[in-house]
Structures are given as structure tokens and as C-alpha cells.
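Open the structure in your viewer and keep the selection panel handy. We will go from one whole chain to its parts, and then to a neighbouring chain.

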Amino acid sequence: MNIILKRSLIGLALAGTTALPALAADISWIYCGDRLDAAHEKYIAEWNAANPDDQVKPEVVGWAQCQDKATTLAAAGSPAAIAYVGSRTLKEFALSDLIVPVPMTDEEKAAYYPNIVETVTFDDTQWGVPIALSTKALYWNKDLFKEAGLDPEKPPTTWAEEIEYAKTIKEKTGKAGYGLSAKTFDNTMHQFLHWVYTNDGKIIDAEGNIVIDSPQVLAALQAYKDITPYSVEGPTAYEQNEMRAIFLDGQIGMLQAAVSTAFLAEEAGMNWGVTDLPLGPDAKGKGTLMITDSLAVFKDSGVEEKAIEFAKYITQPKVQEEYEAAGAAGLTPLRPGPAVDKLLADQSFWKPFVDGIEFGGPEPLFTDYKGFQNVMIEMVQSVVTGSAEPQAALTKAAGALEEYK
Amino acid sequence: MNRSRSAMIFAWALLAPAILYVLIIVAWPLVETFRLSFTDASLRKVTNYVGWRNYGRIFNDTFLTVIGRTFVWTFFSVLLKMIIGMCGAVLLNAAVPGRNLFRILTMPPWIVPMAIGIFMWGWMYNGQFGMISGLLQRFGLVDGPVAFLAYGSTAFWATIVTDVWIGVPMVTIYFLAAMQAIPKDLYEAAWTDGASRWTRFRRITLPLMSPAIITMSMLSLIATFNSFDIIWILTRGGPSGETTTMIIDTYQTAIGSKKYGEGAARAVVICIFLSLFCIAYFRITRRLHATEKA
């Protein structure tokens with residue numbers, strides 16, 4: 001009897017001890033990428049040391065599955081505490097009651113470049129903490145410019161020049177003047193939005209009205225149609241990174257791409273330049289699409305408060321600067337500051353990526369982001385393949401978008 | 001009585017794991033999908049019953065086009081697999097030197113992980129760096145690079161060709177096995193009577209292989225109808241939805257747009273089609289067995 005009692009007590013004690021770690025609240029983090037960034041690794045360790053009861057447990061998930069994993073977990077009722085998500089999904093998550101607001105103070109908002117906070121704002125509330133920003137600029141191949149008889153030090157500044165230069169390159173060298181990507185892929189829409197935002201266009205206004213059927217967006221679509229004959233053959237077969245590979249192979253005159261292309265062009269030994277995105281006839285200033293990723297804090301994880309605290313901790317300027325410093329990742333700085341000033345002074349090619357922010361626009365927030373994206377891709381592809389005229393494609397898209405706003 | 005009862009208990013005990021497995025892995029998801037198809041399930045936490053609305057919504061022009069496209073895609077893919085597989089089996093069955101080597105060489109499309117094989121085809125279809133476009137240009141058949149995945153018509157056939165490439169080895173090996181089971185003396189007798197190769201193939205090989213051909217066709221039909229990876233990796237259903245089949249459309253609706261209710265309704269429609277194929281398959285095999293016995 002004594003033996004049984006003893007064994008039971010030992011069993012209970014063991015069960016109690018093994019259960020103890022489970023009582024500590026973990027902040028699970030769905031982290032997108034191939035590996036944990038060195039800066040994040042360092043500061044997570046620092047946080048964990050200071051918060052033994054609120055340990056951050058990152059789970060690295062590849063980019064292709066990351067968004068779906070976070071969404072599926074949340075929809076199944078077992079959400080991660082935090083997930084690295086495209087800011088474009090925040091409205092959908094918020095309306096589905098899956099995430100909690102992460103309000104910013106005026107001081108926090110003011111620290112960011114203009115228009116950044118708007119990418120995470122819906123109904124006057126912030127629903128995520130920006131952690132990554134991507135902007136685009138125009139790269140050109142100086143050797144191809146020279147071969148086509150163009151001034152290799154004078155890139156285009158307007159759409160009209162861009163189309164004209166693309167035509168000249170195509171006719172004089174037989175190579176593609178421009179790298180237009182239009183595959184059934186998310187960045188086909190992103191590439192087009194860069195044109196929209198360099199002509200003061202909009203897709204949806206602050207009141208949630210679809211305003212895509214405007215002269216500004218029509219001009220962008222018309223420019224797409226005009227530049228297609230001088231682009232890589234069959235643009236609907238290529239997405240942005242596949243087009244970049246062709247550019248790095250010296251087969252394209254001009255390409256709009258992120259800052260990471262600069263590092264790759266250097267590696268490839270190209271004679272290249274990078275400048276502001278050319279402007280449309282209605283532009284008010286330099287523009288770009290601003291794609292941000294954010295840390296969203298999910299509801300019902302049980303550690304929402306601590307998760308918000310951690311999200312702000314891991315995106316504070318000191319950490320963010322270290323994260324962005326690995327320039328090859330292609331991230332544009334989120335906040336101005338001495339580190340950015342130094343970066344611009346040391347590596348001047350960063351300038352157009354930062355300058356475009358002032359008149360840049362966010363990825364439009366829709367209740368069904370994929371539905372919105374599909375409509376935009378269909379619109380672009382129909383114009384690029386010649387199956388629809390720009391105005392007809394625009395009108396059709398405007399009607400279809402009403403369902404997803 | 002006791003013995004028969006214990007035998008029955010023993011039989012059920014042996015069957016229990018399999019029954020449990022089928023209930024959890026097959027039956028429950030099917031029932032749940034069917035239930036979901038009558039709801040507006042999405043990311044929202046509240047789900048409402050919506051009756052037949054999802055079914056009413058999906059049977060529009062677009063989905064009917066997608067259904068038609070799926071059948072055309074499946075038909076040509078299965079047909080080509082059967083024809084090429086049969087030709088391959090005949091060649092591998094012939095007494096040619098190096099036959100064993102050829103048999104081994106048939107296998108790579110089957111051995112290579114499917115995703116890698118598909119990516120390889122993606123590169124071959126590439127207009128700028130792709131082998132096919134390069135060869136066509138070298139032989140002067142085209143003026144410049146041709147991006148096969150850029151246009152609806154070429155992308156549609158490109159996905160079929162890739163599916164055929166992946167599916168042919170299995171068909172070939174299956175047909176080869178069936179061919180080798182045909183008694184040799186039938187051929188010898190026909191040869192003695194002066195029958196040509198073609199006559200021997202038409203009068204002996206084909207009739208005796210018909211059970212294998214029908215079985216393989218039906219199995220291939222079911223697998224091809226549900227083929228997802230090839231189209232998704234190569235085109236994601238584009239350009240302009242020209243390679244979107246039912247399974248792609250279902251994935252885009254349920255997982256892409258997170259309209260789980262509508263996606264489930266589409267999945268139920270696929271399930272109905274596949275069930276019909278299965279019924280046809282079982283009926284045909286039953287008839288074949290009956291004929292064989294007779």
C-alpha cells in the first residue's frame with residue numbers, strides 16, 4: 001500500500017513539474033522567411049531574458065505558406081499570438097474579428113515616413129505594427145541605352161519618355177525596352193499600382209468608394225498598352241522576379257524593381273543606374289506603391305497585451321535599423337533618422353527608393369484582398385494581351401471591385 | 001454459436017482500425033465539406049446557414065466554362081497518356097537490343113519529385129532561357145523568343161504536355177505488365193498463319209489488353225481530373241483564367257479568397273463528378289470480371 005502511495009505521489013510530482021512550463025505564457029510568432037534574421041534573433045533573446053514568463057517562440061515559415069498558415073490557425077480558433085502578415089490583409093482580419101487593434105501614439109506615428117501608418121490604418125485605428133517596407137525605382141541598363149543610341153546617363157523621367165526609350169531600344173537593339181510582368185501573380189498588381197501612384201491615381205478612397213475608373217488610372221492602363229510591344233515577349237508568362245532575371249542577363253533596357261536588384265546587378269557586373277519611377281501626366285510628385293508587412297496581434301491567444309508590447313519592442317527604431325541594415329533583403333527604411341542619412345550618403349542608389357515615399361500610396365485595403373487582386377490581374381492581362389481596350393477593362397474592373405470593397 | 005460469435009468479434013477487431021481510419025480521414029471530412037457547402041463560412045467567426053445559395057452562385061457562366069475546360073483538359077491528357085503509354089509498352093516489349101536500359105529510362109518522370117519535374121518544364125517553356133524556344137529559334141521556326149505560358153492556348157497545351165510526361169511511365173509499365181501476361185503461343189500461331197505485325201497487335205494484343213486499358217483509363221481519368229500541382233506551379237490558372245480547372249478554381253475560392261462555404265460547394269461538385277467516374281469504373285470492372293469468368 002505504501003509503495004502504491006509513494007508511486008502515486010511521485011507520479012503526481014512528476015506530472016506537476018512537467019506541466020509547469022506550460023503555465024508560462026508563450027508568445028508564438030509566425031515568422032515569414034527562410035530563417036530568423038540575426039537582428040531579430042538577438043533582440044528576441046534579449047526580450048526572453050527580461051521576460052521569463054512571456055517567452056517569445058518564433059516559428060519560421062516560408063514566404064509562400066506563411067500568410068496561409070497564420071490565417072488558417074486563426075480561422076481554426078488556435079491563433080498564433082503574432083504573425084508577420086502583408087498589411088493588405090489587415091482590414092479583412094479586422095472585419096473578421098481575428099486581430100486586435102494596435103493603436104499608435106501621435107509620437108509613434110510621427111516617427112514614420114509619411115503614408116506608412118496609413119498602410120496599417122482602417123477605421124481610424126492601427127491594426128498592425130509596420131515591420132518591413134518595399135518601394136520601387138526604375139533601373140536601366142546603361143550598355144543597352146548606349147547600344148540604342150540613347151544617352152546612358154539620362155534615364156526617362158516621364159511615362160512618355162519611358163515608352164519612347166523602350167521603343168528605341170527594341171528597334172535599335174532587338175532587345176526588350178522594358179520589363180513588364182503580367183503573370184497571374186500578386187506582383188502583377190503591385191507593378192501596375194506603381195504606375196497608378198506615379199500619376200496621382202487611386203483605387204479606393206477614404207470613404208471606401210471604388211474610384212479606379214478615373215482618367216489617372218486609365219492613363220496608366222493606356223501606358224501599359226503602349227509599352228507592351230516594346231517589352232519582353234509574352235509578359236503574362238513572367239512575374240517580377242523572373243523578369244528581374246532577364247534584366248540581370250542584360251536582355252532588358254528598363255525595369256522597375258526593389259533595392260535588392262542593385263546588389264544583384266553589382267554581382268552580375270552590369271553597367272546599371274537607378275532613378276525615380278517616371279511620372280505620368282497627372283503626377284503631383286515622385287510616387288511609388290508602398291508595400292508594408294506588419295506584425296498583427298491575434299485575438300484569443302491569451303497573451304494579447306504582452307504580444308502588443310513585444311510587437312512594439314521588436315519594431316522600435318534601434319532594432320528596425322539593424323534589421324533594415326541588411327540591405328540585400330530589399331527593405332526600404334520605415335523611419336527617417338541618422339542611420340538612413342548615413343545610408344543615403346554612403347550608397348546613393350538608395351535615394352529614389354526613399355524619395356518616392358512622399359507621394360506614395362498603400363496597397364488598397366479590401367475585405368477580400370485576393371478577390372481584389374484577381375480583378376486587378378485580370379484587368380492588366382486583358383489589356384496586355386490585347387483582349388480588351390483600357391477603358392473597357394477599367395469599367396469592368398470597377399464594377400467587379402464593388403463586391404470586394 | 002460461441003465460436004462463431006468470437007470469430008465475428010475477432011473479425012470486427014481486425015476491421016476496427018481500418019473503419020476508424022476511414023471514418024476519421026475520409027467520411028468525416030466529406031460530411032463536414034457537405035455541411036460547409038450550405039453555409040457562408042469564411043474568416044468570420046459567425047457562420048450562417050444559407051441553403052442552396054452557394055450552389056446557385058457557382059453555377060454561372062464562369063464556372064460552367066471551368067467545368068467544360070476541366071473535361072477537355074482531362075480528355076486530351078488521358079488520351080495522350082494512353083496512346084503514348086501503349087506505344088511505349090509495345091516498344092519495351094519488343095526484342096530490341098538494350099531493352100532493359102530503355103525500361104529504366106522510362107522511369108525518371110515518375111521517380112523525379114513531381115514539383116521538381118514541373119519546375120523543370122516551367123524553365124523549358126520559358127521564352128528567354130527555355131530550351132524549347134531556343135531550339136525553335138535555332139531551327140528558324142520562329143522569329144524570336146516564344147513564351148509558351150504567356151498565351152491561353154499555348155499555356156493550356158503546355159500544362160497537358162507536362163501532365164502527360166508525368167503520367168506516361170505508370171501507364172507504360174502497367175501496359176507492359178499486361179502485355180507480358182498474354183500467352184506467347186497465340187502470337188506464334190498467328191505468325192504461322194501469316195498474320196502481319198499490325199494484325200497480331202489488333203487481333204490479339206488489343207483485345208486481350210482491353211481490361212488493362214479500361215482500368216488504367218478510369219484510374220488515370222480520376223487522377224487527372226483532380227490534378228492540381230501541374231497547373232498551379234506552371235500558371236496558377238492564368239493567363240486570364242485560361243488554364244483554370246475545377247480544382248484550381250476551388251482552391252482559389254476556398255483558400256485564396258477564404259470563402260470556405262463557396263469553396264466547399266465547388267468541392268462537392270467535383271466529388272459528384274468523381275463519384276460518377278468511380279461508379280462507372282466499378283461497373284465496367286465488374287462486367288469485365290463477369291466476361292472473364294464466362
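The domain bounds used on this tour come from an automatic or database domain assignment. On that basis, chain A is divided into domain 1, covering 26–135 + 292–362, and domain 2, covering 137–287 + 366–404. Keep in mind as you go that this is a predicted model.

You will find 17 helices and 12 strands. The radius of gyration of chain A is 24 Å, close to the 22 Å that the globule rule gives for 405 residues, so chain A is as compact as a globular protein of that length. Along the principal axes, its C-alpha atoms fill a box of roughly 95 × 45 × 40 Å. If you colour by burial, 52% of the 405 residues of chain A count as buried.

Taken over C-alpha atoms, their centres are 27 Å apart. Where they touch, domain 1 contributes 21 residues and domain 2 contributes 19. Now pick out α4 (90–95) and α15 (351–355) of chain A, each of which supplies at least two residues of the domain 1 side of this contact. By class, that side has eight nonpolar, eight polar and five charged residues.

Finally, bring in chain B. Here 21 residues of chain B are in contact with 26 residues of chain A. Select the chain B side and colour by class: eight residues are nonpolar, nine polar and four charged.

Notes: Residues numbered from 1 in each chain as written. Chains lettered and ligands numbered in written order. Predicted model: local features only at pLDDT ≥ 70, side-chain atom pairs only at ≥ 80, totals over all residues. Contact = placed C-beta atoms within 7 Å. Helix = DSSP H or I, 4+ residues; strand = E, 2+ residues; numbered from the N terminus. Nonpolar A, V, L, I, M, F, W, Y, C, P; charged D, E, K, R; others polar. Rg over C-alpha atoms; globule rule 2.2 N^0.38 Å. Buried ≥ 20, exposed ≤ 12 C-beta atoms within 10 Å, placed from the backbone.
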